[in-house]
Amino acid sequence: MPSKYPENTRLLIEEGLRKYFPKTRRPKEIYEAMSYSLFSGGKRFRAVLVVESARVFGRDPEFVLPTACAVEYIHTYSLIHDDLPAIDNDYLRRGKPTCHTVYGEDVAILAGDALYSEAFRLISGVQEADDPRRIIWVINELATASGVAGMVGGQVVDIKSEGVDVDAETLDFIHEKKTGEFIKASVRAGAILAGATEAELDLLTGYAKYLGLAFQITDDILDEIGDTAVLGKTVGSDKRQEKATYPKVHGLEAAKEMAKLTISNARDMLKGLNGDGSVLAGLADFVYERNY
Ligand code: GRG
């Protein structure tokens, strides 16, 4: 991992995922498929954001660990469904054959569904808060960001834009909804549980919006110029499916410049914070510099 990535936090999340993973094993096919995708690596970027955003307000990582793990469940669910033949039809994810390739489409769909339910079971059953209304608030934010006003809505426009010349505004819509909203909700979830005020949440929301946009721009760039072996997913997948991407709509060099500017905007939003935003600033740099 590069120096700016909080490796200790990532390892803590790995431990949390193992600790909270359901203990029952029947029917074994579904637990195997869930565990195959959940424990196949990944940066744990969104879960790291939950922890690091809570830390700005002096909260220990352990305090928000159930929610951080739940966020990773939802993210893994979205990857499993995204890879399905009916959606992106991808063979490789995190350097391994995709869930449906190993377990079949039927079990992969259900593994995604089960991870989504488990996520909300974990937050509503295990997460604690000084004020329990903050738990309901977090559930609401994550459900909104992963639903029709977020990931699902963005994904629908993404699919319907394949092979079509989309304008820059539609492209922004896809990126904001498909990727940005959930990254924003992850940052906000940590801060909400840590007791952030509305003003503090506004600053972090600004940071997260820029971060989410930059994350998808660099994802598009890596799909053009990345290395399949490092990325763990097939480079050129967007081109093959004639997807709307930043390099396609704006050109590769312009997309790189946009990512740079967006990250600089994200960093600027942290300047008004009272707490220590240095790890969040490092994560913004990571998004710009990443090669996986
Ligand atoms: C499953 C909520 C849900 C909705 C179904 C399939 C779908 C609709 C939405 C897809 C959303 C999606 C997969 C967006 C792409 C986001 C993205 C850039 C994923 C890659 O994330 P990384 O790089 O992956 O963090 P790792 O492997 O590191 O976790």
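This is a predicted model: local features need pLDDT of at least 70, side-chain atom pairs count only at pLDDT 80 or more; totals for chains, interfaces and linings use all residues.
Trainee: Why is R46 called buried?

Mentor: R46 has a relative accessible area of 9%, and buried means under 20%, exposed over 50% and partly exposed in between, with a 1.4 Å probe and protein chains only, so R46 is buried.

Trainee: Which residues does R46 touch beyond its sequence neighbours?

Mentor: Outside four places in sequence, R46 is in contact (heavy atoms within 4.5 Å) with V71, H75, F182, I183, S186 and F215. The C-alpha atoms of R46 and E72 lie 6.8 Å apart, although 26 residues separate them in sequence.

Trainee: What makes the pairing of the R46 and H75 side chains a polar contact?

Mentor: The two side chains come to 3.4 Å, and the term covers N or O pairs within 3.5 Å, where within protein one atom can donate a hydrogen and the other accept it, and residues adjacent in sequence count only through side-chain atoms on both sides; R46 and H75 therefore make a polar contact.

Trainee: How do you know whether S161 is buried or exposed?

Mentor: S161 sits in the loop between α8 (151-160) and α9 (168-193), and because its relative accessibility is 5%, S161 counts as buried. A polar atom of its side chain lies 2.6 Å from the backbone oxygen of V157, and beyond four places in sequence S161 is in contact with V166, T170, I174, E242 and A244.

Trainee: What is V152 called, by its accessibility?

Mentor: V152, which lies in helix α8, has 40% relative accessibility, so V152 counts as partly exposed.

Trainee: Why is the whole protein described as compact?

Mentor: The protein has 15 helices and two strands. Its radius of gyration, 18 Å, is close to the 19 Å that the globule rule gives for 292 residues, so the protein is as compact as a globular protein of that length; the radius is taken over C-alpha atoms, and the rule is 2.2 Å times the number of residues to the power 0.38. Of the 292 residues, 54% count as buried, and the C-alpha atoms fill a box of roughly 50 × 50 × 35 Å along the principal axes.

Technical notes:
Residues are numbered from 1 along each chain as its sequence is written. Side-chain values use heavy atoms; hydrogens and water are left out. Helices (H or I, at least four residues) and strands (E, at least two) are DSSP runs, numbered from the N terminus.
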